[in-house]
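Let's take a walk through a protein model together. Have the sequence and the 3D view ready.

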Amino acid sequence: MIEIKGITKKYSKVVAVDNVLFSINDNECFALLGLNGAGKSTLINILSTGLLPTSGTATINGFDLLGERDNIRKIINISPQESAVAKNLTVRENLELIASLYGIENRRSKIDAIIDKFALKEKENVQCKKLSGGQLRRVSIALAMITEPKILFLDEPTLGLDVKSRKTLWEIIKEIKDNLTILLTTHYLEEVEFLADRIGIISRGKMQVIGSRDEIVNNCKTDNLESAFIMLTEEE
């Protein structure tokens, strides 16, 4: 679904992403791990067409990242770290706005289904500024899902949420992840172990390792993902 071909991103003398090369499979949840400033958000911004690489490219569902950006935008969506929810609108009004902008057919039934899937029925007519942090994150991902993307980028989807809100959102993501490709960034290792099929650990812009949780732990000769992560990022 996604094939990344030597992507590099430089800001003056700073190399944010350094010749990254890997693939993400169809209907896979791929977790990208790294410390702050490791290059995770930069790579997601490039793959979601928000930023051009300095060099390299990628193919996304067969479309070239540099030459077919409009085609890519039709099959992807993103739930960013900073929620794009319109706080003065209700949950339903936010979904209606996005559905209208994308020209979605049968929007009423699709909005009803999304509201049910994300457990927002009791809040559908509440202004989003009155929602909790966990409810806002659910709305943000619901807005990305209403367009029925083939690829969903989740950038720190549970950042700042309490334990209960995180687990609620994990269950929702787990339910939807079998029907689309997800690229997930997070700082919560338990989130990765719950959701991810494979993991990539990036440090100083370079991809250090890619594999399943067990493969990474075994290769690092540790007994848990946290120890492997620390080992692979200790130079930072």
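We'll look at rings, then charges, then a pair of helices.

First, some ground rules: this is a predicted model, where local features need pLDDT of at least 70, side-chain atom pairs count only at pLDDT 80 or more, and totals for chains, interfaces and linings use all residues. Residues are numbered from 1 along each chain as its sequence is written, and side-chain values use heavy atoms, with hydrogens and water left out.

You'll find two aromatic pairs here (rings of Phe, Tyr or Trp, taking its six-membered ring, with centres within 6.5 Å). Take Phe 22 and Phe 30: their ring centres are 5.0 Å apart and their planes meet at 20°, so this pair is stacked (planes under 30 degrees apart; over 60 is edge-to-face, the rest tilted). Phe 22 is buried at 6% relative accessible area, and Phe 30 is buried too, at 0% (buried means under 20%, with a 1.4 Å probe and protein chains only).

Now for charges over rings (NZ of Lys or CZ of Arg within 6 Å of the ring centre and within 35 degrees of the ring normal). The charged end of Lys 9 sits over Tyr 11, 5.4 Å from the ring centre. Lys 174 lies over the face of Phe 194, 4.8 Å from the centre of that ring.

Finally, the helices (DSSP runs of H or I, at least four residues, numbered from the N terminus). How do α3 and α5 lie relative to each other? α3 (residues 91-101) and α5 (residues 133-145) pack at about 25°, with axes 9 Å apart (axes are lines fitted to C-alpha atoms over the stretch in contact, and angles run from 0 to 180 degrees between N-to-C directions). They are therefore roughly parallel (under 35 degrees). Touching across the gap (heavy atoms within 4.5 Å) are Val 91, Asn 94, Leu 95 and Ile 98 of α3 and Val 139, Ala 142 and Leu 143 of α5.

Key
Buried < 20%, exposed > 50% of the residue type's maximum accessible area, 1.4 Å probe, protein only. Helix = DSSP H or I, 4+ residues; strand = E, 2+ residues; numbered from the N terminus. Parallel < 35°, antiparallel > 145°, perpendicular 65-115°, else oblique.
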